[in-house]
Amino acid sequence: MELKGAQIVFYYGLAFFVLIMAVSLIRARSAVHAALYLMGALIGVAGLFVLLHAEFVAGAQILIYVGGVVVLFIFVIMLVNVREEITEATRLFTRQEAVAWALVGAMLIATIIALRREAHLLPPAHAPMEETPLALAEDTQRVGSALYTRAALPFEIASLLLLVAIVGSVILARTRRQEETFD
Amino acid sequence: MDLFWAVWNNPVVSEYILRRLPTIVIVLFVILTVAAYLVYAERKISAFIQARLGPMRVGPYGLLQPLADALKLISKEDIIPARAERSIFVIAPMISVVASLVVLAVIPFGPGRATITDINIGLLFILAVSSVGVLGIILGGWASNSKYPLLGALRSSAQMVSYEVAIALALVGPLMFAKTLSMVGVIEAQMTDRIWYIFYQPVAFLIFLVGGLAETNRAPFDLPEAESEIVAGYHTEYSGFRWALYFVAEYTNIVISAALAVTVFLGGWHFPGMTKLAEPGTWSYALLAVLVFAVKVFAIVYCFIWFRWTFPRYRYDQLMSLGWKWLIPAGLANILMTGAILVLAQHWGLVETVRTDTGERLVSVWPWGKLFLMAASLLIGIPIVWLVLAVINRRSTDFNLRVQRQIRLPERGEEEIFAEV
């Protein structure tokens, strides 16, 4: 897919923004700072989705990940007091840096080899972006119809999984002792 | 200089930045002024409800009070508590205010240029961005490093996360008729169908109104800042300009909630017979439309202020059970009902799909289609939602699993027990 004009600016801007946020997220000493960087990275990824003309996914990304998941993270961080980490000057990284670098290098080489081998499977680099006249207006509709026709079974399985998780969390939270106190 | 003209003439820059700038500036100015005057309106209306006069000193009828308040807040000393988490303490009010001002970009204040922009995920965008606003409140409360703000922040985040679900579910009903998420599209759909969606979706409107009250932390859902319990909630430690930022965010959110209700349920800037007064596409028409929108928004905002002095504050468990056991099941039942009604209407040929230049629109056939949809939502929808809620909440106040597991009949007769009590 070929990028044009403002798309280039937005793509590289957002990509570097996401990378910087992700690195800061790992390096942050305070858990709350890390959660904030995570929020930045997720918003940047939502911007990338908009560039791909997947507006619905971008909106859902912010609604669920930033508005839901990060809020829950911060909730947990607030309840479990983790401020000690800032005052105690613990080492952020252990001495396994060499191992980490070796792993990253191996993954990079593997990616390059895979890309070279499977290059013929990828769409040509100069292929224009998919432009259909109603593509913009019907993005949500396309997601919806795909979800309820072709992806109906995975969708239902996912909802079942979530239901199991909800029931499990209620059982975990509602202990015998709690029931007795409310007798 | 060449670079400047190249950027200036760039179609992207001119389309998305330069042409929108005047509207953006006007909207920001008007909304910030409105937010300031909402404080005045709230004080005045509260005063009249309690048989007082309210602010009277600054200017005629106290009309310059917001200006005096703003001056006071800006010139106040900016205090950051010593043990506060400094950087987050500073960022938190900014997150709140940015999240509420960004939403203004897609609110349809009027036709054409009066709206800043129209995107195809308008409603989803509003829900998404306003859900980020919660972060500002939680972080502000946590960063203050003080117990009342932390309690307020915990309460408000739990409250906002739960009521967001109810609001989103309430919006699905009218969207089934509108067939689009774009805010302008929703208004156009109502214009094409010549009806306001409140007549098709009375249940959804009620859920949205209650959810909107809770989402903006207003009484009777003002637990996050309950004065009698936790001083001022999440902004207890804030002062001066940062406190003013929280206030701007709060009152902008009230306007946004009202604007959302007006757009989705009350036909937005459209009013019957408006085209007779002014020709569509002219300046006077746009001005009239903006005026109609403003009047509708203020009617709803007035109700918000009115409710504050009508209902006592909810207890925390009552708030949660209202959200999870009443509003969310009602929203789900409403979606199912609306789907069934629409399928039936299509089956009987009471609604038809019309292609306009902006997309497909659902139009009900006059008069039987409209009558059917209204009657179905009122006479069938409300009783069924009522039934669902009654079944779900039949024993919800028992709050005791053990008793429910081993229900034993009382050894003595019920009359005896009652006589004892």
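Predicted model: local features only at pLDDT ≥ 70, side-chain atom pairs only at ≥ 80, totals over all residues.

Let me start with chain A. Its secondary structure consists of 8 helices and 0 strands, so that, read from the N terminus, the order of elements is α-α-α-α-α-α-α-α. Of its 183 residues, 13% count as buried. As for sequence separation, consider the contacts in chain A between residues at least 6 apart in sequence: 60% of these join residues at least 24 apart.

How do the axes of helix H1 and helix H2 of chain A cross? H1(A) covers residues 6-27 and H2(A) covers residues 31-51; their axes come within 8 Å and cross at roughly 160°. Because of that angle, H1(A) is roughly antiparallel to H2(A). The crossing is left-handed. On the H1(A) side, the residues making the contact include A:Phe10, A:Leu14, A:Phe17, A:Met21 and A:Leu25. On the H2(A) side, they include A:Ala34, A:Leu38, A:Ala41, A:Val45 and A:Leu48. By class, this contact has 15 nonpolar and 5 polar residues, and no charged residues. When looking at such lists, recall that an α-helix has 3.6 residues a turn, so residues three or four places apart point the same way.

One further residue of chain A deserves a remark. A:Leu108 lies in helix H5, residues 97-117. Is A:Leu108 buried or exposed? A:Leu108 is exposed, because 10 other C-beta atoms lie within 10 Å.

I turn now to the interface. Here 26 residues of chain B are in contact with 24 residues of chain A. On the chain B side, H6, H7 and helix H17 (401-405) each supply at least two residues. H6(B) gives the most, with 12 residues. By class, this side of chain B has 20 nonpolar, 5 polar and 1 charged residues.

Why can H8(B) be called largely enclosed by the rest of the structure? The reason is that 9 of its 11 residues are buried. Among them are B:Met183, B:Val186, B:Ile187, B:Glu188 and B:Asp193. The cover over the buried residues includes helices H6 (122-143), H7 (147-178), H9 (197-200) and H12 (240-265), together with strand S2 (359-364), of chain B. H6 and H7 of chain B are also among the elements that supply residues to the side touching chain A.

Finally, the backbone. Most residues other than glycine have a negative phi. Just after H8(B), however, B:Arg194 takes a positive phi of about 55°. B:Ala51 also has a positive phi of about 55°, although it is not a glycine, and B:Asn217 likewise has a positive phi of about 55° without being a glycine. B:Ala51 lies in the loop between helix H3 (21-49) and helix H4 (65-75) of chain B, while B:Asn217 is placed in the loop between helix H10 (202-215) and helix H11 (227-230) of chain B. Which of their surroundings can we describe? B:Ala51 is exposed, since 6 other C-beta atoms lie within 10 Å; B:Asn217 is buried, since 24 other C-beta atoms lie within 10 Å.

Thank you for your attention.

Note on methods:
Residues numbered from 1 in each chain as written. Chains lettered and ligands numbered in written order. Buried ≥ 20, exposed ≤ 12 C-beta atoms within 10 Å, placed from the backbone. Helix = DSSP H or I, 4+ residues; strand = E, 2+ residues; numbered from the N terminus. Contact = placed C-beta atoms within 7 Å. Nonpolar A, V, L, I, M, F, W, Y, C, P; charged D, E, K, R; others polar. Axes fitted to C-alpha atoms, helices over the stretch in contact; angles between N-to-C directions. Parallel < 35°, antiparallel > 145°, perpendicular 65-115°, else oblique. Left-handed = near helix turned anticlockwise from the far one by under 90°.
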